[in-house]
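Welcome, and please take a moment to look over the molecule below. After that, we will walk through some of its strands, loops, surface patches and charged pairs.

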Amino acid sequence: MYDFIKKNIYLIFLFIITLSVGFLTFLTFIDKSLIELSSQNLQFLLILNFVLLGLLFVFIFLEIKKTIKIDIDKDGLKSNKKYITYFALFTFIPSLLISVFSLFLFSFALEKYFDKKVTTVVNNSYELARSYVDEVRNKIQSKIVLIAFDVNKSKKFLNDNEREYKRFLQTQKLIRGVDEIHIINLEKKLLFSTIEDDDPYIPPVDKALNLVLDDDRPLKIINAFENRSAAIMRLQNFEDRFIYVVKYLDKDISKYLTESEEAINFYYTVEEKSTGIKVSFAIIYIIIVSLLLFISISIAIRFSSRFFRSINNLILASTSIGKGNLDIKVPEVKTDKDLEILNKNFNQMIDRLKDQQDKLIINEKHEAWGNLARKLAHEIKNPLTPIQLTIDRLKNKYSNELDEKNRENFKENLKIINNQINQIEKLVNEFSDFARMPKPIFQKNDLVILMKDNIELLQELDKTIKIEFKNNIKQILFNSDKEQLSRVFLNLIKNSIESIQQKTEKAANFKKIIAIELNDLNSHISLIINDNGIGFKDLNNIKEILNPYFTTKKQGTGLGLSIANKIINDHNGNIEFISKEDGAIIKITLIK
């Protein structure tokens with residue numbers, strides 16, 4: 001998810017802006033936004049909406065095209081593109097149908113919103129509330145005339161007596177059904193009142209007082225405070241005195257009146273801008289559907305690329321294997337767990353096929369070289385016996401006939417010939433051994449003991465070389481031919497010793513070490529022999545050392561490593577030679 005957001009950050013930012021402008025346009029049409037409702041503003045917002053929507057479509061198209069090119073086109077599978085198309089259509093068609101249905105439903109609901117019955121109810125509710133307020137104001141106007149008449153008539157009786165005035169006004173308040181009665185002067189100062197000292201007194205506005213200075217008619221105060229209706233009138237029998245009467249409206253009536261007025265204004269605004277509202281709603285819906293479509297196509301591309309890339313890799317690998325190329329590998333890609341297991345198993349199968357092919361080739365080579373060795377041994381061994389007999393006759397016949405000086409030369413020459421015959425006989429014996437490699441006889445053997453015995457024997461060859469041996473468990477049992485594996489261990493350690501000795505001829509001062517590790521790793525046994533001898537740096541192809549009769553030694557026959565390789569293969573294992581900067585590493589893996 002994080003990678004998707006990071007990859008499409010600009011597109012997401014553009015979507016947020018486009019959606020915000022769409023909502024702003026919608027709110028402006030219903031006169032609920034910060035922008036003033038005007039034709040110019042609406043025109044600007046609609047143009048901005050279409051521009052942003054166009055940019056959003058372009059960005060989505062380019063991003064999908066780029067993703068298809070990166071994740072699909074390079075695989076070259078038609079099925080991949082086909083499934084992407086199906087996935088996109090399965091997303092687009094329902095989205096389109098839902099969009100059309102939703103817009104139709106919204107339009108229908110909006111039309112029903114402006115039904116005549118609804119309009120009548122809205123208008124009547126407002127008129128009812130306003131009629132109530134007007135009625136209260138008209139009553140207060142008539143009642144103030146009656147109160148003023150009684151006050152004027154009772155001028156002598158009241159005689160500015162505060163107590164009498166208050167009692168008189170309280171009586172008027174009860175009789176006339178009002179809430180406050182005030183007698184004020186020209187400066188709006190309170191002279192007499194029905195309110196208590198702690199109650200607040202709210203004087204009339206200056207404009208209202210000025211209107212009744214020279215007019216004996218009562219004045220309704222239309223802009224009264226919330227939940228109050230008031231009237232003011234000049235008292236004719238008093239100089240610069242005015243009567244100010246207040247009637248409290250119903251507790252929530254002003255609130256209802258205000259809300260009704262706002263509602264009816266909103267109602268007619270929506271009715272007037274219904275087309276624009278539909279357009280802005282459609283824009284918002286298109287923006288959201290476009291994003292959902294983009295997300296669904298991106299998911300489809302991601303899913304199909306992960307799935308079909310693995311399938312494509314398997315197809316390519318199987319094609320290469322069919323052509324005989326076992327060096328191919330199925331690339332390890334991040335995909336579903338089952339496909340990852342399939343890729344892993346396929347690669348393991350290729351490795352097993354390659355190992356079997358290598359073993360088959362090795363066996364064929366050994367068989368071919370064995371036949372050649374058998375023929376060579378036969379052809380060379382046949383003349384050796386007559387040659388040896390002839391030398392013995394020559395020695396017996398001419399040794400006593402020659403003088404002392406020539407006798408010594410004669411014997412020396414015969415000795416040289418004998419030595420060469422022995423060398424040829426040794427070579428013939430190795431040829432015979434190679435040709436007669438017996439099949440292994442398998443039984444449980446402790447490889448730790450086998451390795452220690454060979455190390456102890458070979459340590460006597462050169463005590464200046466330190467042989468280190470490590471094993472992860474005390475006993476490592478393996479079903480093997482004891483004599484053959486012992487021959488392998490002996491040959492390999494001996495080669496490491498000879499490699500270090502050869503290096504000593506050029507550089508005497510270095511620490512001579514052979515490190516051997518033998519580990520049981522559950523599924524297989526690992527043997528690593530690491531020395532700091534001359535290594536394999538002079539070889540162009542390190543695998544050549546496994547070929548029979550290939551040797552880098554002066555006195556070698558080139559059969560030792562070839563025989564070792566055959567023995568390891570017969571034990572269901574493989575041997576690997578690794579060159580390093582200072583020496584060589586031999587790694588043997590034996591599969592249990």
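Which residue takes a positive phi in the hairpin of β9 and β10? The residue is N522, with a phi near 65 degrees, and the hairpin has three residues between the strands. Before going on, please note that this is a predicted model, in which local features need pLDDT of at least 70 and side-chain atom pairs count only at pLDDT 80 or more, while totals for chains, interfaces and linings use all residues. Residues are numbered from 1 along each chain as its sequence is written, and side-chain values use heavy atoms, with hydrogens and water left out.

Helices (H or I, at least four residues) and strands (E, at least two) are DSSP runs numbered from the N terminus, and two strands pair if DSSP finds at least two bridges between them. Strand β9 covers residues 513-520 and runs antiparallel to β10, with seven bridges joining the two. One place to look is D520, whose bridge partner in β10 is I525.

Strand β10 (residues 524-531) is also joined to strand β12 (residues 583-591), again antiparallel, by eight bridges. Here H524 stands opposite I591 of β12, and I529 has I586 of β12 as its bridge partner.

Strand β12 has a further antiparallel partner in β11 (residues 573-580), and eight bridges link this pair. Within it, S579 faces A584 of β12. A hairpin with two residues leads from β11 to β12.

In the loop between α15 (560-570) and β11 you will find N572. This residue has a positive phi of about 60 degrees, although it is not a glycine. N572 is partly exposed, because its relative accessible area is 38% (buried means under 20% relative accessible area, exposed over 50%, and partly exposed in between, with a 1.4 Å probe and protein chains only).

Strand β4 spans residues 228-234 and is mostly covered, with six of its seven residues buried. Three bridges connect β4 to β3 (residues 219-221) in an antiparallel arrangement, and L219 stands opposite I232 of β4. β4 is also antiparallel to β5 (residues 241-248), with seven bridges between them; R228 has Y248 of β5 as its bridge partner. The hairpin of β4 and β5 has six residues between the strands, and D240 in its turn shows a positive phi of about 55 degrees.

**Salt bridges**

Side chains of opposite charge can pair when their charged atoms come close. A salt bridge is a side-chain nitrogen of Lys or Arg within 4 Å of a carboxyl oxygen of Asp or Glu, and the structure holds eleven of them. Among them are these:

| Pair | Closest N to O distance |
|---|---|
| R167 and E164 | 2.5 Å |
| K188 and D206 | 2.3 Å |

R167 and E164 are three residues apart in helix α7 (residues 162-176), so about one helical turn separates them. R167 is partly exposed at 45% relative accessibility, and E164 is partly exposed at 23%.

D570 and K566 are four residues apart in helix α15, so they too are separated by about one helical turn. D570 counts as partly exposed at 25% relative accessibility, whereas K566 is buried at 17%.

**Surface patches and a buried residue**

Patches are made of residues with over 30% relative accessible area and no salt bridge, joining like charges within 9 Å and nonpolar side chains (Val, Leu, Ile, Met, Phe, Trp, Tyr) within 5 Å. Y86, L89, F90, F92, I93, L96, L97 and V100 make a nonpolar surface patch of about 810 Å². I93 belongs to helix α4 (residues 78-113) and is partly exposed at 45% relative accessibility.

A patch of negative charge on the surface gathers E162, D197, D198 and D199. D197 sits in the loop between β2 (190-193) and α8 (206-211), and it is exposed at 76% relative accessibility.

Finally, F489 lies in helix α14 (residues 482-506) and is buried, at 2% relative accessibility. F489 and N454 are 35 residues apart in sequence, and their C-alpha atoms are 6.9 Å apart in space.

Terms used. Areas by Shrake-Rupley, 256 points an atom, 1.4 Å probe, with all protein chains shown as cover. Lys, Arg positive; Asp, Glu negative; His and termini not counted. Charge placed at Lys NZ, Arg CZ, Asp CG, Glu CD.
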